[in-house]
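Trainee: I have a model open and would like to go through it with you, one region at a time. Could we start with how the helices pack?

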2 protein chains.
Amino acid sequence: MSEAQANQFSEETGPSKSELKKRAKEAEKEKKKAERLAKEAEEQKARAANEVDVSSGKYGPLPLNQSKERSGRKRISITSLSPNQEGETVLFRARVNTSRAQGSKMVFLNLRQRTESVQALVVVTPEKISKQMVKWVGGLADESIILVEGSVQLPKEEVKSATVGNVEILISQIHLEAAPQIRLPFSIEDASRPESELDKEDTQFTRVLLDTRLDNRIIDLRTQTNQAVFKLQSAVTDLFASFLRSEGFTEIHSPKLQGAATESGASVFKVGYFKGDAFLAQSPQLHKQMCIAADFERVFEIGPVFRAEDSNTHRHLTEFIGLDLEMAFQEHYHEVMDLIDGMLKSIFKGLTENYSREIAAVGKQFPADPFKWREETLKLTFKEAVDLLVEDGVERETLDDINTTNEKRLGRIIRDKYDTDYFIIDKFPMALRPFYTMPDPEDPTLSNSYDFFMRGEEILSGAQRIHEPNLLIEKMQEKGIDPASMQAYVDAFRLGCPPHAGGGIDMC
Amino acid sequence: MSEAQANQFSEETGPSKSELKKRAKEAEKEKKKAERLAKEAEEQKARAANEVDVSSGKYGPLPLNQSKERSGRKRISITSLSPNQEGETVLFRARVNTSRAQGSKMVFLNLRQRTESVQALVVVTPEKISKQMVKWVGGLADESIILVEGSVQLPKEEVKSATVGNVEILISQIHLEAAPQIRLPFSIEDASRPESELDKEDTQFTRVLLDTRLDNRIIDLRTQTNQAVFKLQSAVTDLFASFLRSEGFTEIHSPKLQGAATESGASVFKVGYFKGDAFLAQSPQLHKQMCIAADFERVFEIGPVFRAEDSNTHRHLTEFIGLDLEMAFQEHYHEVMDLIDGMLKSIFKGLTENYSREIAAVGKQFPADPFKWREETLKLTFKEAVDLLVEDGVERETLDDINTTNEKRLGRIIRDKYDTDYFIIDKFPMALRPFYTMPDPEDPTLSNSYDFFMRGEEILSGAQRIHEPNLLIEKMQEKGIDPASMQAYVDAFRLGCPPHAGGGIDMC
């Protein structure tokens with residue numbers, strides 16, 4: 001999760017005292033209103049009772065669930081619904097996404113479960129569904145959690161507003177399990193609109209701003225888009241871990257509290273640790289290499305990394321999830337590069353094959369071309385990548401490194417020329433890589449290092465590491481790092497370590 | 001990993017300056033020694049060349065691996081070896097675990113890969129294996145990384161000192177890939193000995209003390225016992241996540257940097273966060289519940305949690321890995337308790353069925369009775385557990401809570417009476433549980449909460465949570481917590497939240 005998310009989840013970034021007072025007042029008001037409504041409902045119920053409510057017991061709020069009973073009656077999920085269930089009675093819990101009354105005799109509900117939705121309706125029916133019941137349903141607030149019993153029926157035409165549009169539910173019973181007790185800051189519908197609709201000149205829709213979203217993260221997370229994003233994020237870690245486990249990797253959890261600031265001292269967070277200080281780990285880099293020296297052979301880690309970088313870009317966060325791997329290789333670091341390539345392609349394949357509904361859900365709000373990759377991955381050397389940019393008109397003198405703008409440009413060139421959104425650049429100049437990178441065996445200005453790119457953005461960076469302590473010390477000194485400041489790390493290689501390489505993905 | 005492990009991995013807890021100087025001197029000495037040895041080897045080689053070394057090129061150190069070549073020749077792992085490969089030539093990398101010369105014509109090596117080992121031997125053979133080669137092999141230091149080519153042969157009798165004891169390797173080529181450059185603080189063999197051998201009166205073995213192990217963690221991690229422990233730890237997170245994913249859970253990563261000290265302010269670490277402060281998360285408790293309010297339905301998290309508790313027990317660590325889960329239930333929190341029960345049993349089953357070699361490896365150093373559990377898990381209420389202890393002679397007056405000693409006693413009583421090491425206690429008194437625990441529907445002094453036990457130790461604690469904000473506020477106030485200090489958390493329930501329950505395992 002991003003920092004903004006982190007803040008939203010935490011308690012301190014709550015509102016100011018005056019805001020709290022305001023809210024308390026509002027809550028008081030809401031409470032009084034609720035009491036008044038409850039009283040009215042009671043009176044209405046009494047009146048209705050006199051009129052004999054044929055739906056009595058079929059609707060209304062449920063008492064607080066303290067786990068008093070367990071009938072075990074089956075409850076379904078919306079995705080399981082299909083037209084061949086026509087006439088079947090089903091029971092399920094859902095959110096009221098939106099509701100719409102048609103006159104006083106019919107109410108349409110759009111009911112939501114995570115990324116899925118279905119249409120339900122309640123209709124005044126003699127001897128079965130009372131006017132009172134339909135009115136009560138019409139009064140349900142958006143985002144109420146309801147328990148619905150109804151029969152599956154086929155709509156006259158596909159329901160476009162629902163993800164499961166080939167069936168609808170004719171409600172026979174409906175009860176309220178929980179309702180919002182405060183006014184919603186924005187509607188899920190508004191929060192789910194694509195930019196294209198909002199950018200139209202004559203648009204009647206309100207744009208929900210990022211700050212508002214983050215200040216009300218619980219509501220924002222309920223959009224079908226965000227539900228899909230989190231399902232996809234969960235799928236990525238699953239596919240990453242599954243592939244690596246099948247290749248003999250062991251999952252590790254390296255310590256986040258460390259005794260010293262490592263790698264690059266400037267951007268590390270300091271923690272008060274009893275009478276001393278500790279520091280938050282900036283990456284599992286050193287530990288995963290030390291695990292190789294400790295004979296783990298192949299390791300991966302999924303865990304938080306911390307960077308005290310006070311920047312505001314979509315590529316700089318103070319806390320994010322790192323997907324890291326490191327492995328001993330037998331002969332050549334390309335064994336590792338190839339394994340990482342296979343791992344990424346298995347993620348692409350797994351997402352495309354098993355999460356098409358989630359990808360489509362995100363695409364509704366954020367349209368994107370389908371992601372393209374080739375069976376045989378395109379591999380360029382850094383020099384070849386530079387040549388492509390020069391051919392395209394970039395001055396060679398500016399290309400000691402490939403900056404973000406040129407990365408994007410390279411992505412476009414390669415998409416046009418090779419019809420792929422995914423490629424590898426190998427053999428970066430030694431000057432661009434960290435001290436622990438193994439130099440190329442032929443040209444000491446180059447290194448055994450690689451970056452993986454998606455749509456013109458680096459998504460994974462890695463290299464062969466130096467496993468020989470004397471060469472490591474030499475390279476540390478060249479980069480102005482005191483080997484004594486990383487004694488345990490250097491000592492690990494003094495104990496004998498096999499050649500190894502690895503890489504890391506930064507996931508928000 | 002434990003704090004001690006964390007420190008071992010980190011750089012700061014390295015040695016003092018004088019120690020550093022001493023080491024530098026030692027390193028210098030070692031270097032000179034290495035140079036002298038190299039020179040001698042060179043001279044010897046020259047002499048040997050005159051003698052015509054029939055093994056020339058078949059042994060010796062390899063140059064630093066900078067990924068110059070990639071033959072793709074297959075390398076095997078020790079576990080794959082079997083007697084029906086008799087006569088086959090195989091190639092593999094391994095550590096020299098131990099070596100033993102038999103006269104000047106034969107050297108036995110015990111070669112190790114993680115949890116496995118095999119015997120190899122090199123024998124002076126006319127026209128094939130020279131005296132010089134055998135001598136060189138005999139001089140290899142323990143923990144050297146070697147590349148071995150040899151033929152599979154059947155030993156006269158099972159090799160007891162190797163885990164793969166029904167074959168041995170007759171070496172034809174052997175090269176050195178990396179060697180320890182400092183003297184080892186202890187041998188892997190010594191570090192792997194069971195207590196029972198060390199406790200013998202006439203023992204000739206040295207006990208490797210915990211401090212020594214932790215000061216030299218890289219070596220200590222190489223024991224077959226520790227390799228197995230980490231494989232098992234990795235298997236546990238895999239089995240935990242796989243089971244939950246198959247039950248529709250989404251993996252989340254809640255923020256570790258938080259804006260406020262939550263849950264229990266006393267034991268939280270403070271982090272310098274630019275111009276302000278942040279705090280390290282003590283558990284994902286609040287966030288995972290907020291995810292339920294955000295409609296995630298079922299979530300789990302595997303990640304570090306931080307406790308600023310300055311205690312030294314095996315149940316108090318400042319950083320450990322939490323395995324957390326939370327789920328909305330339909331009718332009764334026992335749905336969740338049953339799911340957790342199923343999850344734990346799937347872990348027991350997965351470990352027993354697929355990791356018997358690793359369990360056996362740990363058992364060699366730390367013998368233990370096989371873990372017993374029943375198809376139908378034993379479930380007791382807190383009251384029933386107390387009654388069992390009273391029957392066994394514990395005074396009822398002391399049993400407001402069940403302390404660690406009585407937990408162990410209860411474990412023994414239940415093992416004797418029900419033949420199981422695994423059971424659940426349900427319905428703890430409300431007074432023993434946190435503010436967010438849902439009270440029992442009949443008896444407000446009890447709660448909808450449970451603990452899971454293995455061998456008389458609580459391994460997972462959980463409960464139904466309060467999903468109704470007004471009741472939550474009431475319970476916060478009863479426990480002296482200011483609801484305003486946890487505004488975002490309380491607000492999540494004001495937005496409507498389904499009934500839910502969950503639990504957490506603390507893994508070292």
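Trainee: Are H8(A) and H11(A) parallel or oblique to each other?

Mentor: Bear in mind that this is a predicted model. H8(A) and H11(A) are oblique to each other, because the axes of helix H8 (residues 224-246) and helix H11 (residues 356-365) of chain A cross at roughly 140 degrees, and an angle counts as roughly antiparallel only when it is over 145. The two axes come within 8 Å, and the crossing of H8(A) with H11(A) is left-handed.

Trainee: Which residues make that contact?

Mentor: From H8(A) the contact takes A:Gln224, A:Thr225, A:Ala228, A:Val229, A:Lys231 and A:Leu232, and from H11(A) it takes A:Glu358, A:Ile359, A:Ala361, A:Val362 and A:Gln365. Sorted by class, the contact of H8(A) with H11(A) has six nonpolar, three polar and two charged residues.

Trainee: OK, now H9(A) and H15(A), how do those two lie relative to each other?

Mentor: H9(A) and H15(A) are roughly parallel to each other, since their axes cross at roughly 25 degrees and angles under 35 degrees count as roughly parallel. The axes of H9(A) and helix H15 (residues 487-494) of chain A come within 9 Å, and H9(A) passes H15(A) in a left-handed crossing.

Trainee: And what meets what there?

Mentor: On the H9(A) side you will find A:Leu286, A:Gln289, A:Met290 and A:Ala293, which meet A:Ala488, A:Tyr489, A:Ala492 and A:Phe493 of H15(A). The residues of the contact of H9(A) with H15(A) comprise seven nonpolar, one polar and no charged.

Trainee: How many residues of H15(A) are buried?

Mentor: Eight of the eight residues of H15(A) are buried, so this helix is largely enclosed by the rest of the structure. The buried residues include A:Asp491 and A:Arg494, and just after H15(A) there is A:Gly496, whose phi is positive at about 90 degrees.

Trainee: Switching to sheets, what is the strand order in the eight-stranded one?

Mentor: The eight strands form an open sheet with mixed pairing, and the order in chain A is S7-S11-S12-S17-S16-S15-S14-S13. Strand S7 (250-251) and strand S13 (378-381) of chain A are the edge strands, each pairing on one side only. At the S13(A) end, four bridges join S13(A) to strand S14 (residues 422-426) of chain A in a parallel arrangement, and A:Leu380 has A:Ile425 in S14(A) as its bridge partner.

Trainee: Which strands does H9(A) touch?

Mentor: Helix H9 (residues 285-293) of chain A packs on the sheet and touches strand S11 (298-306), strand S12 (319-328) and strand S17 (500-507) of chain A, with its direction making about 25 degrees with that of S12(A). Helix H13 (residues 404-418) of chain A lies across S13, S14, strand S15 (449-454) and strand S16 (457-464) of chain A, and H13(A) runs at about 120 degrees to S14(A).

Trainee: What about S3(A), is that strand enclosed or open?

Mentor: S3(A) is largely enclosed by the rest of the structure, because seven of its eight residues are buried. Strand S2 (residues 89-102) of chain A pairs with S3(A) in the antiparallel sense over seven bridges, and strand S3 (residues 106-113) of chain A is also joined to S4(A) by eight bridges, again antiparallel.

Trainee: What do the turns look like, and how many residues lie between S2(A) and S3(A)?

Mentor: S2(A) and S3(A) form a hairpin with three residues between them, and A:Gly103 in that turn has a positive phi of about 65 degrees. The hairpin of S3(A) and S4(A) has two residues between its strands, and there A:Arg114 has a positive phi of about 50 degrees.

Definitions and conventions. Residues are numbered from 1 along each chain as its sequence is written. Chains are lettered from A and ligands numbered from 1 in the order in which they are written. This is a predicted model: local features need pLDDT of at least 70, side-chain atom pairs count only at pLDDT 80 or more; totals for chains, interfaces and linings use all residues. Side-chain values use heavy atoms; hydrogens and water are left out. Two strands pair if DSSP finds at least two bridges between them. Contact means heavy atoms within 4.5 Å. Axes are lines fitted to C-alpha atoms, for helices over the stretch in contact, and angles run from 0 to 180 degrees between N-to-C directions. Angles under 35 degrees count as roughly parallel, over 145 as roughly antiparallel, 65 to 115 as roughly perpendicular and the rest as oblique. A crossing is left-handed if the near helix is turned anticlockwise from the far one by less than a right angle, and right-handed if clockwise. Ala, Val, Leu, Ile, Met, Phe, Trp, Tyr, Cys and Pro count as nonpolar, Asp, Glu, Lys and Arg as charged, and the others, Gly among them, as polar. Buried means under 20% relative accessible area, exposed over 50%, partly exposed in between (1.4 Å probe, protein chains only).
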